[in-house]
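Hi everyone, thanks for making time. I'd like to walk you through one chain today, so please have the viewer open and follow along.

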Amino acid sequence: MAAARTEFKRGSRWRGPGSRFRAVGRALRLPVTGTARGIRKATHAHGAGESGLGKLIELHGVNGAGDVMITVALASTVFFSVPTDEARGRVALYLAITMAPFTLLAPVIGPLLDRLPHGRRAAMATAMGARAVLALVLSGAVVTGGIELYPAALGVLVASKAYGVVRSAVVPRLLPPRVSLVKANSRVTLCGLLATGVAAPIGAGLQQVGPRWPLYGAFVIFVAGTVLSFTLPRKVDSARGEDRALLAADEEHLPGPLRKRGRRPGLRTVGPAVTHALAANAAIRCLTGFLIFFLAFLLRVHPMTGQSAAVSLGIVGVAAGAGNALGTAVGAWLRSRAPEIIIVTVVAIVLGAAVVAAVFFSAFLVACLAAVAGFAQALAKLSLDALIQRDVPEQVRTSAFARSETLLQVSWVLGGAVGIVLPLNGALGLSVAAAIIAAGWLTTVRGLLDSARHGGRTRPRVA
């Protein structure tokens, strides 16, 4: 009888309402937990989980999601909610405020990172936490339209770029065995793009609820990012064997024990291939900054046939994002094969696309140019990373990544400034775009081809 009662109780518990509620809860949690397990499996593949790269990939996804939430909120407030002339004035003011700090960031963030190599996790957490606080400040400013909108937005941008600089310096410390730096960077970048694509429609939906809500979402995301920053391995903060890098082309200015006495070091020590590749990347980054701001205003006044301004911008944005994702995927496949030739080729391709779009201006060609520019930016940046890995001594490689990233951001800001001052004439604007990329290609093609012909500095590569 006792055994029968025990069996009856067990069956009752299994068939009781509590069991049914738990079964329903498990069924509801399954899509979330299953998705989380799938993401974790993808980000931790090929040894990334053991090395800590997987956590950095996830952190970069959080960073991209938070940034796009703020972008959605600011675009709706600064850009779409006011007349075109007033919007141009607001964006011009925003870029004018932005340019001066970035001009200072180029010589400041690199040396600062050199002097504080043991605080990279804290630096990334600070960048995340600062954006969380500024998102709350912006949530009030987007409603009142107060002047605090601009310094707060500037603070968000500076914190975002500071995170990018530190992240570039961290990746080499977390490379799994038999994974190249180019492939690791492509995985980090691709995760950021995917997170941006997922978060953008969510931010747009929150914007329909109210202008504050995307910023509240950004606050939650960046708080999570602050916590995740401290889960990175402790070796991120290690600076053993590192020195400061100077962006120079001759070895007589090398830092540390390789520095020759009697000569003051300048920004010229990473080798000619890297400096030419950096110049080509700067031209592409300047082009993308120009296209973002010029096309934003052009398509607002002259949207695609049968489409609203918002939809027209969305089409161009999706094309650019798809091109960027494709470039990242191709970069992972090519790894570090002939990076000089890759840079020369993609810059020539985007130059051709810009010339065609300027001569035969149409909405379709504008979208194609955006896609080609996104593809070229991703692939050229990965090739630049490969050259830094190949030609820059290990003890200064981290600093070289930090400084090159900052200079590329300055180029983007300068391109955006050119984009908002031009008249809204499509053929004229795209002619200027072609001129920007032509200047970068013509000034670097010979040096890159010479470097490819001589093989650069012979250094072992990671397969």
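Predicted model: local features only at pLDDT ≥ 70, side-chain atom pairs only at ≥ 80, totals over all residues.

The chain has 15 helices and zero strands. Of its 463 residues, 51% count as buried. If you take the contacts in the chain with a separation of 6 or more, 81% of them come from residues 24 or more positions apart.

Now a word on annotation. The UniProt entry, which is unreviewed, lists "transmembrane region" for residues 61-80, 92-113, 213-232, 269-299, 311-334, 341-363 and 428-449. I looked at two of those spans in the model. Residues 428-449 are 100% helix and 0% strand, with the end C-alpha atoms 31 Å apart. Residues 341-363 are 87% helix and 0% strand, and there the end C-alpha atoms are also 31 Å apart.

Next, please find helix 10, residues 272-301. How do helix 10 and helix 12 cross? Helix 12 covers residues 339-359, and the two axes come within 11 Å and cross at roughly 25°. Angles under 35 degrees count as roughly parallel, so helix 10 is roughly parallel to helix 12. The crossing of the two is left-handed. Zooming in on where they meet, helix 10 brings A273, A277, A280, N281, I284 and L287.

A pair of aromatic rings is described by the distance of the centres and the angle of the planes. The structure holds three aromatic pairs. One of them is F290 with F294, at 5.4 Å centre to centre and 10° between the planes, which makes the pair stacked. Where do F290 and F294 sit relative to each other in helix 10? They are four residues apart, so about one helical turn separates them. Are they buried or exposed? F290 has 0% relative accessibility and therefore counts as buried. F294 is at 0% as well, so F294 counts as buried too.

Setting aside neighbours within four places in sequence, S411 is in contact with A282, R285 and C286. With a relative accessible area of 12%, S411 is buried.

Two more residues, and then I'll stop. In helix 4, residues 53-80, have a look at N63. Its relative accessible area is 5%, so N63 is buried. Which residues does N63 contact, leaving aside its neighbours within four places in sequence? They are M128, R131, Y163 and F222. For N63 and F222, the sequence separation is 159 residues, while C-alpha to C-alpha they are 7.1 Å apart in space.

The last stop is G323, in helix 11, residues 309-334. G323 is buried as well, with a relative accessible area of 6%. Not counting residues up to four places away in sequence, G323 touches A371, G374 and F375. Also, G323 and Q377 are 54 residues apart in sequence and 9.0 Å apart in space, C-alpha to C-alpha.

Terms used
Residues numbered from 1 in each chain as written. Heavy atoms only, no water. UniProt positions renumbered as here; feature names shortened; annotations may be inferred. Phe/Tyr/Trp six-rings, centres within 6.5 Å; stacked < 30°, edge-to-face > 60°. Buried < 20%, exposed > 50% of the residue type's maximum accessible area, 1.4 Å probe, protein only. Contact = heavy atoms within 4.5 Å. Axes fitted to C-alpha atoms, helices over the stretch in contact; angles between N-to-C directions. Parallel < 35°, antiparallel > 145°, perpendicular 65-115°, else oblique. Left-handed = near helix turned anticlockwise from the far one by under 90°.
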